[in-house]
Amino acid sequence: MTVKKQVNLRQMYPGQRGTVLRVDGGMGLLSRLSAMGVRPGKKITKVSSMLMRGPVTVQLGGTRLAIGFGMAGRILVELEQ
Amino acid sequence: MACHGMKTHVKKRRGKKSGLRKILLMGNPNVGKSVVFSRLTGVRVIASNYPGTTVGYTQGLTKVGEEVAEVIDVPGTYGLEPTCEAEEIALEMLAAGDVVINVVDATNLERNLNLTLQLLEKGVPMVVALNMWDDAGHRGIHIDLKRLEDLLGVPVIPTVAVTGQGIKELVESIPAARAPRLPPGSHDERWVAIGSIVEQVQQVTHRHHTWLESLEDASVRPFTGITIAVAILVGTFLGIRFIGESLIGYVLDPLFEHLWTPVILFFSDLMGGSGILHEVLLGHIMAGEVNYVESFGLLTTGLYVPFAMVLPYIVSFYLVLGLLEDIGYLPRLAVLMDTIMHRLGLHGYAIIPTLLGLGCNVPAILATRILESKRERFIAATLISIAVPCAALQAMVFGLVGERGIQYVAIVYGTLFLVWVVLGFILNHMIKGFSPELLIEIPPYRIPLWRTVFQKLWLRVHGFLREAIPIILGAVLVMNILYAVGFFDVIVDFTAPVVTGLLGLPKEAVVALAIGFLRKDVAVGMLAPLALTSEQLVVGSVVLAMFFPCIATFVVLLRELGAVGMLKAAAIMVTVALCVGGLLNVIL
């Protein structure tokens with residue numbers, strides 16, 4: 001059995017792909033993120049992150065999102081092998 | 001400057017009671033609702049390639065068969081739980097609608113269907129416009145329309161709003177709008193349903209990265225992103241100056257000189273070269289030469305300022321801004337600026353209202369509705385009205401201060417920028433609360449269509465011509481009358497301690513500050529005949545830019561911030577303007 005690696009969005013490297021596992025946050029954040037396409041089970045690719053705790057840019061299907069640094073730390077991703 | 005934003009976005013915010021059927025255009029942000037709206041009604045509205053262009057509601061009329069119906073362009077929303085003012089407006093509107101056209105981005109079916117299903121749960125008759133249909137094809141996305149119609153239970157019409165494709169069919173489908181009324185589901189149930197729909201109707205074929213997409217990646221990576229941003233900002237600045245200066249030097253100045261001057265001189269002779277009417281209409285004309293900047297007559301400076309000094313920069317600024325908007329660059333700038341903007345109590349997206357403010361503060365303050373919290377809106381609106389000079393003011397600064405040397409223009413801009421940063425920093429620490437985090441969708445780059453760029457430019461220029469020029473002429477007229485009746489003699493002495501003592505300006509400069517409440521461009525122009533030193537001109541321009549908003553901005557601030565918020569903002573403006581003006585006076 002392989003142990004899959006879990007990281008949050010901040011810890012991913014640009015270009016890495018994975019699947020959203022969960023979002024640690026209240027209902028407000030969860031529904032906002034899910035309405036924009038970030039919810040468990042979705043394939044996600046990190047595009048880049050800005051310097052100095054800047055936003056993380058990700059790609060989910062046809063949608064590209066910029067997510068604030070704090071929020072990005074609460075989105076957990078299972079990395080693709 | 002042009003307060004076009006007011007007419008389209010605000011005055012019509014509450015629907016008039018009319019017997020007409022109301023058709024609402026609803027959908028996620030940046031799916032092209034405003035373009036569909038223009039196509040349906042012929043009413044031109046500002047449409048751009050970034051989420052949150054529309055922050056109020058605009059209405060127009062269209063014909064469905066024989067019946068005239070009202071169409072309402074609603075701000076974009078991701079769901080029916082509002083997260084900002086613009087989304088709240090969208091929800092208020094839903095209650096008033098008879099039919100909804102749900103505009104869906106065909107390249108983003110899954111995410112868009114979330115709102116579609118929520119709307120269906122509300123039981124409003126609906127049709128779906130599957131917009132950007134051509135783009136979906138280019139991206140290798142194939143959607144089975146018939147199947148989607150069956151699954152949703154409402155008509156689905158593929159459209160390409162920018163070219164008009166599918167609009168006729170969309171209108172024809174409105175009578176067929178249906179309300180299947182889905183049972184309200186939980187979040188999870190809804191997403192399961194959406195997943196199943198997408199699985200059944202959509203096929204994606206693989207295709208390669210295009211060069212535009214590679215550029216998209218580059219502009220949000222730190223090093224390439226910053227390089228691109230600097231190149232774009234420098235290019236923008238040079239482009240705006242080049243177009244503006246060329247229009248002035250090769251078109252408008254020669255027109256005034258060769259066509260208008262003889263007319264003015266003729267009338268001047270006719271009136272005998274003096275008298276009250278001569279003073280008001282033509283101003284001071286000496287030795288057969290018309291000094292358009294200093295004469296201050298209604299037909300001389302009153303026309304020269306708006307047409308030959310300000311208009312060229314309005315044209316060049318909005319041409320360049322329109323290009324950046326339609327390409328889709330602005331949200332990328334928001335990503336780059338996010339960390340810095342957090343220090344000012346804002347997040348990156350506040351850069352968009354700020355940039356709009358460099359054109360006109362009125363639409364800029366309306367655009368702060370895309371920000372989530374009241375605190376952010378207050379900080380953003382206050383910073384814009386103090387430290388972001390509108391295009392009209394900037395044109396005058398370039399025209400008058402620029403004559404004394406580019407270093408003086410640099411001092412004006414440098415001071416305003418410093419004030420923007422320092423005041424933002426202070427407000428962030430003084431006002432309770434925190435700045436929310438950035439969460440925005442970044443649209444794909446699109447190659448702008450020249451036709452839409454020029455239509456938008458015309459919309460904005462027309463707004464300036466229609467709404468700013470009467471105020472400019474009014475301001476010159478009011479000034480002349482107040483001079484003639486000796487009104488200023490009274491206040492000039494009264495305010496002299498502040499104007500002369502603190503700011504180091506001649507006491508007559510208070511007249512410019514007073515007229516600044518009507519129009520900032522005219523006010524800066526009024527510094528011209530005062531024979532100021534370059535340093536005084538810098539102090540005068542900076543204080544004018546910061547001191548108090550022009551009347552159009554004042555009205556919008558009052559409405560958007562409320563009376564208390566406005567009073568606070570005004571107190572900050574006056575205090576900061578006097579402090580900075582006094583400081584500059586000492587330093588320079």
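In which sense do strand β1 (residues 21-27) of chain B and β4(B) pair, and over how many bridges? The two strands pair in the parallel sense, over 5 bridges. The model is a predicted one.

**Pairing of β4(B)**
- Within the pairing of β1(B) with β4(B), B:I101 is the bridge partner of B:L25.
- β4(B) also pairs with strand β5 (residues 126-131) of chain B, in the parallel sense and over 6 bridges.
- In β5(B), B:A129 stands opposite B:V103.
- A right-handed β-α-β unit is made by β4(B), helix α4 (residues 109-122) of chain B and β5(B).

**Burial of β4(B)**
- Strand β4 spans residues 99-105 of chain B and is mostly covered, with 7 of its 7 residues buried.
- In a regular strand, side chains alternate between the two faces of the sheet.
- On one side of β4(B), B:V99, B:I101, B:V103 and B:D105 are all buried.

**Nonpolar surface patch**
- A nonpolar surface patch of about 820 Å² is made by residues of chains A and B.
- Chain A contributes A:L51 and A:M52 to the patch.
- From chain B come B:F223, B:I226, B:V230, B:V234, B:F237 and B:L238.
- B:F237 is found in helix α10 (residues 222-270) of chain B.
- B:F237 has a relative accessible area of 41%, so the residue counts as partly exposed, the class between 20% and 50%.

Methods
Residues are numbered from 1 along each chain as its sequence is written. Chains are lettered from A and ligands numbered from 1 in the order in which they are written. This is a predicted model: local features need pLDDT of at least 70, side-chain atom pairs count only at pLDDT 80 or more; totals for chains, interfaces and linings use all residues. Side-chain values use heavy atoms; hydrogens and water are left out. Buried means under 20% relative accessible area, exposed over 50%, partly exposed in between (1.4 Å probe, protein chains only). Helices (H or I, at least four residues) and strands (E, at least two) are DSSP runs, numbered from the N terminus. Two strands pair if DSSP finds at least two bridges between them. A crossover is right-handed if, with the strands pointing away from the viewer, the path from the first strand over the helix to the second runs clockwise. Patches are made of residues with over 30% relative accessible area and no salt bridge: like charges are joined within 9 Å, nonpolar side chains (Val, Leu, Ile, Met, Phe, Trp, Tyr) within 5 Å. Accessible areas come from the Shrake-Rupley method with a 1.4 Å probe; for residues, only the protein chains shown count as cover. A salt bridge is a side-chain nitrogen of Lys or Arg within 4 Å of a carboxyl oxygen of Asp or Glu.
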